[in-house]
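I opened my notebook to look up a few things in this structure. Here is what I checked.

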Amino acid sequence: MADNEKNLSDAPENEAMMDSQITPLHGEITDTEDIEDLVHIVEDDDDGLPVIPLRGVTIFPTMLLHFDVGREKSISALENAMMNDQKVFLITQKNAETDLPTEEDFYEVGTTAHIKQMLRLPGNSIRVLAEGISRGRIEHMIHEVPFFKARIETLRDVVREEDEIRVTALRRVVLEQFREYLNYSQKVSSEIYPGIEAIEDSGRMADIITSHLDISMDDKEAVLSCIDVRDRLERVSDIILKEIEVTKIESEIAEKVRSNISESQKEYFLREQIRTIQQELGQDETLDEEVEKWLAKLEELDLDQPVHDKIEKEIKRVRKLQPQSPDVSVMRTYIELVLGLPWHESTRDRLDLKKMQKILDEDHYGLEKVKERIIEYMAVRILSKDFKGHILCLVGPPGVGKTSIARSVARSMNRKFVRMSLGGVRDEAEIRGHRRTYVGAIPGRIISSINDAGVNNPVFLLDEIDKVGSDYRGDPASALLEALDPEQNSDFKDHYLDVPFDLSHVLFITTANTTDTIPGPLLDRMDIIQLASYTLEEKVKIAEQHLVPKQIKENGLKASQITFSEGAVRGMINYYTREAGVRNLERTIGKICRKAARKIVEGGASEKKKNHRITAGNLTSYLGKKLADYDKIEPGSEVGVTTGMAWTAVGGVTLFIETGVMHGTGKLMLTGQMGDVMQESAKIALSVIRERSDKLGLPSDFYEKNDIHIHIPEGATPKDGPSAGVTMCTSMVSALTNTPARREVAMTGEITLRGKVLPIGGVKEKVIAAHRAGAVEILLPEDNMKDIDELPANVRNSLTFKPLKTIDDVFEEVLVKKQDS
């Protein structure tokens, strides 16, 4: 329901209405015409009143009512009333389940009311205190959007002269009936009777009595619709008589229930006898026996005293409950979970570091930093018994083996492996669990996973920690702080468990694609290990040692039926996959295996003995045309064209930066989807050239008479970063001085206005890309020369590396001198 109007029994108006000083309105009618033909007094406000539909509650004149408003139309109507004379028309819906009612959904008669108080509640709802003024009927609906607004007829109480004696008699009858009703009813206090008896106005008295009766909405609306006081009293009298009969029957039923309780006690003794017989037959286990077993198991666990006392208290609570009570099953679930947790159970760590290294090398090629960190972790753990484990965070692009290396770590350490994916988790209860006050409460996923593992020291992988979300249900990242902090997780407290559990023996490993979206306090608690994208050589080795044997087995083939040459593997990497990891490479190998399997099945016995050799030459027959390609450096020199290097999420690439110089007015044109940082590098490069114009043999006003156009091919691909500064500057100098630049020399580095070359990142990926494209010499910032050691030996040995301090060093190496050309 959009509005959360309270039921009448929940409203406090019953106590407040007796203090109301509003006198009911009366009209003197002397003729005998029907009520419908009476002259109604129309509300003086010609603009009409806001209308608020009520659900499950009716308000009478002079009555105070609390109700909650939540629907947009009702809130708008309430706000409109508060801005004017605070008067609204309250009318009850026929069907409380209707969320978007129309005029046809309302009862005929409602009540004009005055808003006395309003209070905004959480959840965009408003609590209202209203006082009824007079009955009314909608004469004309003015509009329904943005809220109901209608012109209202005021309906006044009518007492005919010839009915005055009958009304007096009916008043006495109704009061006597109500007194009898109070004697039977357990829902209404008899203390209200003196106050109602003191009300002189018979119509108002009938309204107040009706408000205290536990009757249907139709009956209440029937009373509200009675304008003639005599008819109203007769209607109330009929209703009270009916309620008295109902109340009598309820009393009889209650008496039978009390007698049944005695029967239940008798049944209890019989059940005890049956239980004794069942014990003799060994057929069943009683709740008391379960409790004794739980207490015995608790003593065996040897827990810390506060934890022991807490669990013991919960177990003893069960003994006080009836076996049929639903709370017993809830408590049983909790106690069995607590007693079943691995408080002291753990696996014995493998202490042979050489064997650990061997297992890690068997499962993964490369990833030396990760392996080294794991070996160091175990070495410290062997030497220090009080060692508090650190949390490792493996950061890298998709498909580089973050999840699989965690599984290998568990195997190498002889520990159980537990994985929990955090991607899209927004509820804090996923981490900490639900409090047991909630129906259906369960422990958090950390405790559940530990319980499933059966040991307190597994390798626990928290996957995709950079994709944790948060909303109104809490912040899971903040909840993880306690679990991942070595100083706190020895007393991790799950909301469901409600006792501390030691997580300090768990080796937590987290994975992420980037650290940018990980909250700072959480990131501060983890050791970051960066996993770079695989090089070509690493992918070849991974494919030969792991992916090919795996796919051959998964596709039902034998090693004698299909083989992959190294050239075929390199072809798949270079021309059919472009990624940082090896997932697509594995899918591509699987695709070839499936095609080979089909040929074997369709070919019969002769084909089964045949070896299907996959080479670079027949690769297209299995995979179709090439999907990707890599740049190749053409030999020789060319004016205005230089070779740069760039880093991408799927590895390094080469960039060929082209510069053209035309007569013009000094414009600098940049094309090829350059980002803001790269555009700034181009402007810095031009300033550096202007400062060195004399040294380069350029006229001092060269930039005023020429337009310079810098373009980077593959314009559909966005490019950004400062590392292309030296490349763009060299390309511009080559074009301005008409000096050829050596294309086989690849360069990277950021430049300053003074011409200094600053260090950059991604050296490994960039150099490998340049080597693949055919570069023979690499120019790196001097501070990046230390990164050469991270390069594969075959790449490092086949290239010449030159350090750069200033942009002049680049000109000296790349530009072909006039006498040499």
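I take helices (H or I, at least four residues) and strands (E, at least two) as DSSP runs, numbered from the N terminus. This is a predicted model: local features need pLDDT of at least 70, side-chain atom pairs count only at pLDDT 80 or more, and totals for chains, interfaces and linings use all residues. Residues are numbered from 1 along each chain as its sequence is written, and side-chain values use heavy atoms, with hydrogens and water left out.

**Helix H7**

I looked up Val-257 and found it in helix H7 (residues 229–281). Val-257 is partly exposed, with a relative accessible area of 43%. My cut-offs: buried is under 20% relative accessible area, exposed is over 50%, and partly exposed is in between (1.4 Å probe, protein chains only).

**Salt bridges**

I count a salt bridge when a side-chain nitrogen of Lys or Arg is within 4 Å of a carboxyl oxygen of Asp or Glu. The structure holds 44 of these salt bridges.

I checked Arg-160 and Asp-228, whose side chains meet at 2.3 Å, N to O, in a salt bridge. Arg-160 sits in the loop between strand E9 (157–158) and helix H3 (164–184), and Asp-228 in the loop between helix H6 (217–224) and H7, so the pair ties together parts 68 residues apart in sequence. Both residues, Arg-160 and Asp-228, are buried.

Next I looked at Asp-808 and Lys-695, which form a salt bridge at 3.5 Å, N to O. Asp-808 is in helix H29 (residues 807–814) and Lys-695 in helix H24 (residues 693–696), 113 residues apart. Asp-808 is partly exposed at 21% relative accessibility, while Lys-695 is exposed at 62%.
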